[in-house]
Amino acid sequence: RFGELVIRRSDFPEADESLGGREPWCPVLMTKLVLIQVQQGLDDRETVRRAQLDLGVKACLGLGVGSSGPSQATLCRHRQKMVALNLHEEYSQRFNRLTQALGLMRATEAVAIDTVPIRGAGQVLDTFNLLAAGIRHLLKTFAKAQGRPPEQVAEQLGLESYLSRSIKGQFECDWQDDKSRVALLDRLVNDALRLRDALDNFDPARAQGGDDDTDGQQPEPPHELQTNLLGDDDDDGDSEAQPADDAEQQRDDGQQGHGDDDDDTGGNVGAELRQAAATVDDIISHDVEYDEQGHIAGVRQRAAGDRIISVTDPEMRHGRKSASVLFAGYKAQIVVSIVLGFILLTEPIRANEHDGERMPGLLDKLNKEGLHPEYA
């Protein structure tokens with residue numbers, strides 16, 4: 001009944017007809033479909049099927065009985081547009097104001113706060129495949145920064161094997177033999193450091209001129225490069241990794257040799273390159289163990305902590321909802337009213353974050369929306 005007070009046509013800019021005409025479906029209709037999808041936990045294919053066949057969904061959207069509804073690609077594009085416009089927060093604020101205006105909720109009403117697990121979208125990988133995927137991603141991003149094909153840059157650096165989606169079959173390794181696994185890990189780390197060394201010597205101003213003069217460069221010993229590239233987290237040689245929170249602070253401060261990217265936008269190639277390099281650094285720092293002589297001893301056996309588990313979704317983490325429920329991805333903190341159960345606020349966090357860490361921030365957001373719960 002009050003949907004038009006939350007979802008408005010003016011939320012979406014009019015398409016420029018000179019650039020391809022109008023959107024094929026009303027954005028208000030598409031937004032309603034996205035909200036139905038979220039509320040019922042449907043995937044894209046099932047959501048489109050419901051819009052085609054479910055009379056209840058058709059009635060909600062205002063579609064005729066014979067209408068085929070939007071396509072899966074249209075649904076996906078509209079959802080991405082909603083994210084780009086930050087409409088989820090805007091709708092949440094409008095809904096909260098509406099519930100108060102209608103007398104459905106008091107500003108001081110008690111709320112409950114809990115978390116639910118969200119499975120991440122990225123592929124969870126073991127250390128060997130994770131490092132290889134990190135190298136592949138950095139290699140392609142490096143090639144993009146130079147304006148060259150990845151195959152050309154890979155051939156120049158002798159890293160052609162990493163263009164494949166999997167390291168199986170690309171390297172000789174007896175997975176049942178400890179020495180063979182260590183040898184493969186040593187090769188992966190040295191290839192990663194060689195790529196990082198080429199990156200450190202890359203001059204963007206010369207990118208249009210062709211080669212960046214990295215041919216023939218030989219890497220320094222791994223333990224020496226580790227100090228230079230990963231930050232000064234292990235200068236006493238005891239192979240103890242820095243605490244996860246310290247590593248996170250270094251990434252936030254831009255102290256790992258990638259510069260300060262606070263002013264970069266998501267589409268900036270330089271920011272992408274620094275992020276890809278930081279991912280490789282973090283994988284090596286957390287997963288690789290060195291002996292007293294600085295040689296690679298194998299995969300570090302330690303608690304997951306803040307370990308990266310996916311290159312395609314680097315913010316994913318291992319989490320535990322209970323003693324028996326493990327998941328990989330994120331948690332969503334949800335604030336609901338006690339009386340009618342309205343969802344007032346949601347906040348995604350990493351799966352390994354403690355539920356109480358964001359509590360003050362959640363309450364601050366509620367206060368800014370005019371809600372001052374007596375209990376939480």
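Aspartate 44 is buried (under 20% relative accessible area, with a 1.4 Å probe and protein chains only), its relative accessible area being 16%. This is a predicted model, in which local features need pLDDT of at least 70, side-chain atom pairs count only at pLDDT 80 or more, and totals for chains, interfaces and linings use all residues. Residues are numbered from 1 along each chain as its sequence is written, and side-chain values use heavy atoms, with hydrogens and water left out.

Aspartate 44 lies in helix 3 (residues 44-53); helices are DSSP runs of H or I with at least four residues, numbered from the N terminus. Neighbours within four places in sequence aside, aspartate 44 contacts (heavy atoms within 4.5 Å) Gln37, Gln72, Leu75, Cys76 and Arg79.

Gln37 also belongs to the contact of helix 2 with helix 3, where Leu33, Gln37 and Gln40 in helix 2 meet Asp44, Thr47, Arg50 and Ala51 in helix 3. By class, these are two nonpolar, three polar and two charged residues; Ala, Val, Leu, Ile, Met, Phe, Trp, Tyr, Cys and Pro count as nonpolar, Asp, Glu, Lys and Arg as charged, and the others, Gly among them, as polar.

A second contact joins helix 7 (residues 127-146) and helix 9 (residues 178-200), whose axes come within 10 Å and cross at roughly 20 degrees. Axes are lines fitted to C-alpha atoms over the stretch in contact, and angles run from 0 to 180 degrees between N-to-C directions. Helix 7 and helix 9 are therefore roughly parallel (under 35 degrees) to each other. Their contact has 15 nonpolar, one polar and three charged residues.

Note on methods. Helices (H or I, at least four residues) and strands (E, at least two) are DSSP runs, numbered from the N terminus. Angles under 35 degrees count as roughly parallel, over 145 as roughly antiparallel, 65 to 115 as roughly perpendicular and the rest as oblique. Buried means under 20% relative accessible area, exposed over 50%, partly exposed in between (1.4 Å probe, protein chains only).
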